[in-house]
Amino acid sequence: MGLFAIRDYRRLFSAQVIALFGAGLATVALGLLAYELAGPRAGAVLATALTIKMVAYVIVAPLAAAYVDRLPRRWFLTILDVVRALVVIALPFVTEVWHIYVLIGVLQTASAAFTPTFQAVIPDIVTKEADYTRALSASQVAYTMESLLSPVLAAVALTFISFNLLFLGTSVGFAVSALLVLSTRIPNARPSSHTNAWDRAVAGIRTFAATPSLRGVMALNLVVAAVGSIVVVNTVNYVRDVLGGAQSDVAWVLAASGTGTLLVALVLPRVLDRVADRFVMLIGAAVLIFAVGAAVTMSAAGVAASLPTVVIWVAIGGGMALIITPTGRVLRRAVDPTAIPEVFAAQFSLSHLAWLVTYPIAGWVATHAGFTTTWAVLAALAAIGAVTALAVWPRKEKAETGGRAAVAVASARTEVATREAVEAAEGTLAACQCACVRTV
């Protein structure tokens, strides 16, 4: 509760929660809109829309990070919320599949600039390490509650109204979020140490490539994307076409994944106080691989039952929380405060680059080859990501060259070595002088 005593964090967190719930309603509605327009090809349509989203995230986020230090962040975030509200309110009026693609492109371009900027603001407002850990967990709980409750709210609402009206809830959420952000005292970003725009845009990616723990995070992004895409893309078709469920059943199965995330996120702060981030995140990777393996087995055996599906979806949600929640801690510890915006933007782009690979597989391959083949391919990608993370992220992080601690230690050692060398040289010179005197 001490965390929420921070006025500006409290308002930003409220803005995040409200916008998330609006977006959660829109996610359910978008899947149903795709099903209404494309029927059995809904998975492919949804995968295309999400691929557009990922392209925007990969390209726009680094560019936003390159210029955000030149913009007032409070107004920047507010304008982006307003843009998202206006775009979403137009979605109920689409009549063609390509309309979805255009509007999603504009919407996700705004989101790609908003999210990493918002994430980089939090460390500037919540400066204590313990509070920041809990802020990360609170953020994950917010995402979880959205995943859990938005489908439930959508399921209840769909019994009374058309799914098109869910888009209205999203628009209202973004508008309220904009007002809350506008009322918050947000410090402007620290000036970047890079003068060239291109250097600012790629600085975070270079830091990822040079830092062992961040390379591990990059590999774990693939694990999360490979397994998470099954939930995001395949749930609607699997529940409707294989399980024979209704629209509300889609929402309940999505809520099962949110339940798993919620259960993990509630206990994770205390765990992270005692257990290393690396260990927790690798356990999460193992849970996801086990879950997707169970999904492949279930599909191959032709088991079309709701209970096994719900259990697997719960496990997937829990495994994703184990990886995603500690990520912000790893990023913050790896760099200087001035580099936080560019590293968060790089993580945003690189994580969504992984989703850019897995979304088309989950949608297009499932449409043509079925769920068993698709999930087997995604399981293989998840295993590759987990093994890579284990190999590139050393258990002891003292050797990292990209982090602040390593830089400080290296500088101290260099200073000591220089001082010792000077003292040795002075001693040698004195000895030579004595020798010369004796010789004379």
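In the predicted model, helices α8 and α11 pack with their axes 10 Å apart and at an angle of about 150°. The crossing of α8 with α11 is left-handed. On the α8 side, the contact is formed by Leu220, Val223, Val224, Val227, Gly228, Ile230, Val231, Thr235 and Tyr238. On the α11 side, the contributing residues are Thr309, Trp313, Ile316, Met320, Ile323 and Ile324. Sorted by class, the residues of this contact comprise 12 nonpolar, 3 polar and no charged. An α-helix has 3.6 residues a turn, so residues three or four places apart point the same way.

Helix α8 also packs against α10, which spans residues 277–300. The axes of α8 and α10 come within 10 Å and cross at roughly 35°, and this crossing too is left-handed. From α8, the residues in contact are Val217, Leu220, Val223, Val224, Val227, Ile230 and Tyr238. From α10, they are Met281, Leu282, Ala285, Leu288, Val292 and Met298. The contact of α8 with α10 consists of 13 nonpolar residues, with no polar and no charged ones. Leu220, Val223, Val224, Val227, Ile230 and Tyr238 of α8 take part in the contact with α11 and also in the contact with α10.

A further partner of α8 (residues 212–242) is α12, a helix of residues 327–334. The angle between α8 and α12 is about 150°, and their axes lie 10 Å apart. Angles over 145 degrees count as roughly antiparallel, and α8 and α12 are therefore roughly antiparallel to each other. Their crossing is left-handed. Ser213, Leu214 and Val217 of α8 meet Thr327, Val330, Leu331 and Ala334 of α12. By class, the residues of this contact are 5 nonpolar, 2 polar and no charged.

The burial of α12 was examined residue by residue. Thr327, Gly328, Arg329, Val330, Leu331, Arg332 and Ala334 are buried. Because 7 of the 8 residues of α12 are buried, this helix is largely enclosed by the rest of the structure.

Helix α13, residues 340–369, contains Thr358. A residue counts as buried when its relative accessible area is under 20%. Thr358 is therefore buried, with a relative accessible area of 0%. The side chain of Thr358 comes to 3.1 Å from the backbone oxygen of Ala225. When neighbours within four places in sequence are left aside, Thr358 is in contact with Leu222, Ala225, Ala226, Ser229, Leu378 and Leu381. Ser351 is also located in α13. Ser351 is buried as well, at a relative accessible area of 12%. The side chain of Ser351 reaches the backbone oxygen of Gln347 at 2.8 Å.

Two partly exposed residues were considered next. Ala315 is part of helix α11 (residues 306–324) and counts as partly exposed at 26% relative accessibility. Ala315 and Gly260 are separated by 55 residues in sequence, while their C-alpha atoms are 5.9 Å apart. Not counting residues up to four places away in sequence, Ala315 touches Val287, Leu288 and Ala291.

Leu243 lies in the loop between α8 and α9, the latter spanning 247–272. At 21% relative accessibility, Leu243 counts as partly exposed. Along the chain, 61 residues separate Leu243 from Ala304, and the distance between their C-alpha atoms is 5.6 Å. Apart from neighbours within four places in sequence, the residues in contact with Leu243 are Tyr238, Ala304, Ala305, Ser306 and Thr309. Tyr238 and Thr309 also belong to the contact between α8 and α11.

At the level of the whole protein, the model has 15 helices and 0 strands. Of the 440 residues, 52% are buried. Among contacts between residues at least 6 apart in sequence, 86% join residues at least 24 apart.

Note on methods:
Residues numbered from 1 in each chain as written. Predicted model: local features only at pLDDT ≥ 70, side-chain atom pairs only at ≥ 80, totals over all residues. Heavy atoms only, no water. Axes fitted to C-alpha atoms, helices over the stretch in contact; angles between N-to-C directions. Helix = DSSP H or I, 4+ residues; strand = E, 2+ residues; numbered from the N terminus. Parallel < 35°, antiparallel > 145°, perpendicular 65-115°, else oblique. Left-handed = near helix turned anticlockwise from the far one by under 90°. Contact = heavy atoms within 4.5 Å. Nonpolar A, V, L, I, M, F, W, Y, C, P; charged D, E, K, R; others polar. Buried < 20%, exposed > 50% of the residue type's maximum accessible area, 1.4 Å probe, protein only. Polar contact = N/O pair within 3.5 Å; in protein donor to acceptor, adjacent residues only side chain to side chain.
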